[in-house]
Amino acid sequence: MITIVALHWYPYCIPLRNGFTTAHGPLHKRAGAIVELITSAGIHGLGEIAPLPEFAGSNLCEALSVLPALAASWPGLTLKQAAEEIRAGLESGWLPPAAACGLDTALLDAQGQLAQVNLTELMQREEQAETVQQRLDIPVNAVIGTTDIEATIVKARQAVAAGFRCLKLKVGCDTHLEIERIGALRAAIGPAIELRLDANEAWSFEQAVTILTACIQFAIQYVEQPLKATDLSGMRRLRQTVPIRIAADEALHDLASARNILAAEAADLLIVKPQLAGGLRMGRQIIREGAALGIDSIVTSTIEAGIGLAAALHLAAASPEITLACGLATLPLLRDDLLTGSLVLKDGMLSVPSGAGLGVQLDRSALARHASEALSLRG
């Protein structure tokens, strides 16, 4: 019987290469923590805790604050018992979703190493899938966060030249400027490249109708969170008013919120972020429940480092319901991904690691360089 011997965690703070701007404001650095679970078999399972407070998540200090108690109580538990505690902690609200995500990933990583299969196959086995479908690559979109029209076109052309077949444009509040920018971008990239928008709650209902109606001609694949996350009735009305598909992003931060969105018929797509959903298993449940109602899902990152990104990539690969490009091409935004060998991104496709567990290796020297001394909670 394999049991847990110890639980450790290592906070980090990594600067972004050039900064990144959304409707929530600029982002210049990314703080998180790598969690390490050591088993009686000598296997080390890794996960990542990287919440985004502006997306209804807890902050990092809150997410880490539960770990000392778990470090004291988990030794001696089996991996299955620890997984049950994670689910119970999420259901009771005691365990922050980002903490649950890191711990869930570490458990799966350890289980995958024990079974000598990668996380994609392990999750499919857990669901007792009739056939295990190993997806070797996942299509991903490039993100354009600049606001200037000329800079937007330059970045878009660079992404297309790099092989991306899907672009996501961050949009803001200036109605006429955004319509002009979207039109200029479509003209620059041509009709064959998929184009999606991300408003990050920036628009009123009337503004959303105006912009999206004007953009019908630009063949928009979908728009993420055009209205406030709390305005599910407005999202439903918007779906009924414009033909462009509506995706729920900030409105979706756990299983309960996903069910509220589905019940309100407020979205055509669900944007699933494992850090907000509470882990990979919870992400799978959200994806399955959406698919049962004909609602598509897309897995995206929260601009976490390589351990968390690899976990999200496995979630996408383990989900046959997902057919659209995912938002996982974000590691180049960071100055360091904390991996000894980066995930392979080529021609708009991200390769799924084939090694056991997560299939990636933590760069401990890089983790030490980016250690966050501002966070005193250290495992």
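Which residue of strand 6 is the bridge partner of Val 143? In strand 6, that partner is Lys 168. The model is predicted; local features require pLDDT of at least 70, side-chain atom pairs count only at pLDDT 80 or more, and totals for chains, interfaces and linings use all residues. Residues are numbered from 1 along each chain as its sequence is written, and side-chain values use heavy atoms, with hydrogens and water left out.

Strand 5 (residues 142–144) and strand 6 run parallel, joined by three bridges. Strands pair if DSSP finds at least two bridges between them. Helices (H or I, at least four residues) and strands (E, at least two) are DSSP runs, numbered from the N terminus. Between strands 5 and 6 the chain passes through helix 6 (residues 149–161), in a right-handed β-α-β crossover. Right-handed denotes a clockwise path from the first strand over the helix to the second, with the strands pointing away from the viewer.

Strand 6 also pairs with strand 7 (residues 194–198), in the parallel sense, over five bridges. Here Lys 168 stands opposite Arg 196. Helix 7 (residues 175–189) lies on the path from strand 6 to strand 7, and this β-α-β crossover is right-handed.

Strand 6 (residues 166–170) is mostly covered, with five of its five residues buried (under 20% relative accessible area, 1.4 Å probe, protein chains only). Cys 166, Lys 168 and Lys 170 are buried on one side, Leu 167 and Leu 169 on the other.

Note on methods:
Buried means under 20% relative accessible area, exposed over 50%, partly exposed in between (1.4 Å probe, protein chains only).
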